[in-house]
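Please look at the sequence and the structure shown here before reading on. The report that follows goes through strands, helices, aromatic rings and cores in turn.

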Amino acid sequence: ENSPIAYCTECEKCFCKVCWDAHQKLSFLRLHSSFTLKEVQNMSRDKLIKMLPSSSSSSPMCHDHDNHILDFYCQQCTIPVCVGCTIISHKGHSVHEVSKQ
């Protein structure tokens with residue numbers, strides 16, 4: 001299955017299981033800051049922001065919707081999403097607000 005299971009903050013990409021396993025096998029890529037998308041479900045917004053590259057804005061921003069912060073998490077797609085995503089491409093999905101603690 002090609003569903004995303006992990007995100008690398010340095011590559012700025014989501015990975016399916018096969019690609020993630022390959023990413024983790026290469027020693028120079030293993031050092032990248034990354035997390036599984038399952039971990040994001042219980043991650044606080046502040047911790048998620050800290051994991052993003054320092055060159056990014058103070059809040060994680062949506063790549064599809066300019067000036068929209070990734071304040072939500074789509075449980076069906078296992079990815080962080082913005083309010084625009086929840087209305088357009090994730091309509092009807094189980095989405096919850098990312099914890100602000």
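Strands β4 and β5 pair in the antiparallel sense over three bridges, where two strands are said to pair if DSSP finds at least two bridges between them. Within this pairing, tyrosine 73 has proline 80 of β5 as its bridge partner. The model is a predicted one, in which local features need pLDDT of at least 70 and side-chain atom pairs count only at pLDDT 80 or more, while totals for chains, interfaces and linings use all residues. Residues are numbered from 1 along each chain as its sequence is written, and side-chain values use heavy atoms, with hydrogens and water left out.

**The two sheets**

The secondary structure of the chain comes to five helices and six strands, and from the N terminus on the elements run β-β-α-α-β-α-α-β-β-α-β. Helices (H or I, at least four residues) and strands (E, at least two) are DSSP runs, numbered from the N terminus.

Strand β4 belongs to an open sheet of three strands in the order β5-β4-β6, with antiparallel pairing. Because β5 and β6 (95-97) stand at the edges with a single partner strand each, one side of each is left without a neighbour in the sheet. Neighbouring strands of this sheet are turned by 35° against each other on average, direction ignored; such angles are taken between axes, which are lines fitted to C-alpha atoms (for helices over the stretch in contact), and run from 0 to 180 degrees between N-to-C directions.

Another open sheet is formed by three strands in the order β2-β1-β3, and its pairing is antiparallel. Its edge strands are β2 (13-15) and β3 (34-36), each of which pairs on one side only, and the twist averages 20° from one strand to the next. Strand β1 (residues 6-8) pairs with β3 over three bridges in the antiparallel sense, and alanine 6 has threonine 36 as its bridge partner in β3. Helix α1 packs on this sheet, touching β1, β2 and β3, and its direction makes about 110° with that of β2.

Histidine 23 is found in helix α1 (residues 17-25). With a relative accessible area of 4%, histidine 23 is buried, a word used for values under 20%, whereas exposed means over 50% and partly exposed lies in between (1.4 Å probe, protein chains only). Leaving aside its neighbours within four places in sequence, histidine 23 is in contact with Cys8, Cys11, Phe15, Leu29, Arg30 and His32, contact meaning heavy atoms within 4.5 Å.

**Aromatic pairs**

Rings of Phe, Tyr and Trp (its six-membered ring) pair if their centres lie within 6.5 Å, and planes under 30 degrees apart count as stacked, over 60 as edge-to-face and the rest as tilted. By this rule the count comes to two aromatic pairs, which are listed below.

| Pair | Centre to centre | Angle between planes | Class |
|---|---|---|---|
| Tyrosine 7 and phenylalanine 35 | 5.7 Å | 40° | tilted |
| Phenylalanine 15 and tryptophan 20 | 5.9 Å | 45° | tilted |

Tyrosine 7 lies in strand β1 and phenylalanine 35 in strand β3, so this pair ties together parts that are 28 residues apart in sequence. Tyrosine 7 is buried at a relative accessible area of 15%, and phenylalanine 35 counts as buried at 4%. In the other pair, phenylalanine 15 is buried at 14% relative accessibility and tryptophan 20 at 9%.

**Nonpolar cores**

In soluble globular proteins, nonpolar side chains tend to be buried together. A nonpolar core is a set of buried Ala, Val, Leu, Ile, Met, Phe, Trp, Tyr and Cys residues joined through side-chain atoms within 4.5 Å. The largest one here has nine residues, namely Tyr7, Phe35, Leu37, Val40, Met43, Leu48, Met51, Tyr73 and Val98, and α3 (37-40) and α4 each supply at least two residues of this core. Apart from it lies another core of six residues, among them Cys62, Leu70, Val81 and Cys85. Of the 101 residues of the chain, 35% count as buried.

**Two positive phi values**

Most residues other than glycine have a negative phi. Asparagine 67, however, has a positive phi near 65°; this residue lies in the loop between α4 (45-51) and β4 (72-74) and is exposed, with a relative accessible area of 70%. Threonine 78 also has a positive phi, near 55°, and is found in the loop between β4 and β5 (79-81).
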